[in-house]
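Please look through the following model with its aromatic side chains in mind. A short briefing follows it.

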Amino acid sequence: DISLQDFYAEWKQYHRKHMNMACQAAVSLEYQISDRFLTEEKIFILDLARLYEKYGVRRNPESDIHFMLDMLGKRRAFPESRTVLQKLAEKYIVCVGSNTDTFPLICDMRNNHLSADMVFTSELLKCYKPNALFYDTISDNLKIEPCDILFVGDSIDDDVKGPQEAGMKTWWINRKHIKDSDILPDMEIYNLEELLNYVILCE
């Protein structure tokens, strides 16, 4: 017996573990991950397969995963996102860097009327945050030194710790008002409007 909330929480733990293993191109007999990068879709299936095995669920994870995949490409952006990105794009190079497959993210951006100068996905970079390769590749593609890049996001590991270790400045969007984190960003904000207001103030 397990609640839906606990099942999902455990699935997220598997998901992070499998992303890390795929990013490192690890070979694991336990999880049967081959020595190659795995897309998020394939990791979704692997996550569900492990949970089905653990709890004795007799279903096909490759068939059931469509419930999760159908959500990708249909996500709604936070209400301030479009305005903030448009304003920032007037003076800065604005990029999106996300742990996702490319097509769903492009669909999300199109459906939410969002645009960026460049889009970097884990599928394109063959790597998942917070591996250093993710941030180094972005810096190399932009031909901008890491110290001149501001990485903004809501994950303390993926969007603060990872880019900090790569030499980037970081702003953490702490929308859930999480406390007691040992990782300190250069700035903590609660929505993207605060980032825009700070940029305007500094002009």
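Which residues do ring pairs link into a cluster? Ring pairs join Tyr8, Trp11 and Phe44 in this way, where rings of Phe, Tyr and Trp (its six-membered ring) pair if their centres lie within 6.5 Å, and planes under 30 degrees apart count as stacked, over 60 as edge-to-face and the rest as tilted. This is a predicted model, in which local features need pLDDT of at least 70 and side-chain atom pairs count only at pLDDT 80 or more, while totals for chains, interfaces and linings use all residues. Residues are numbered from 1 along each chain as its sequence is written, and side-chain values use heavy atoms, with hydrogens and water left out.

**Aromatic pairs**
- The structure holds 7 aromatic pairs.
- The rings of Tyr135 and Phe151 have centres 5.4 Å apart and planes at 80°, so this pair is edge-to-face.
- The pair links distant parts of the chain, with Tyr135 in helix α8 (residues 132-142) and Phe151 in strand β3 (residues 150-153), 16 residues apart; helices (H or I, at least four residues) and strands (E, at least two) are DSSP runs, numbered from the N terminus.
- Tyr135 is buried at 0% relative accessibility, and Phe151 is buried at 9%, where buried means under 20% relative accessible area, exposed over 50% and partly exposed in between (1.4 Å probe, protein chains only).

**Ser122**
- Ser122, found in helix α7 (residues 122-125), is buried at 0% relative accessibility.
- Leaving aside neighbours within four places in sequence, Ser122 has contacts (heavy atoms within 4.5 Å) with residues including Phe37, Asp101 and Phe134.
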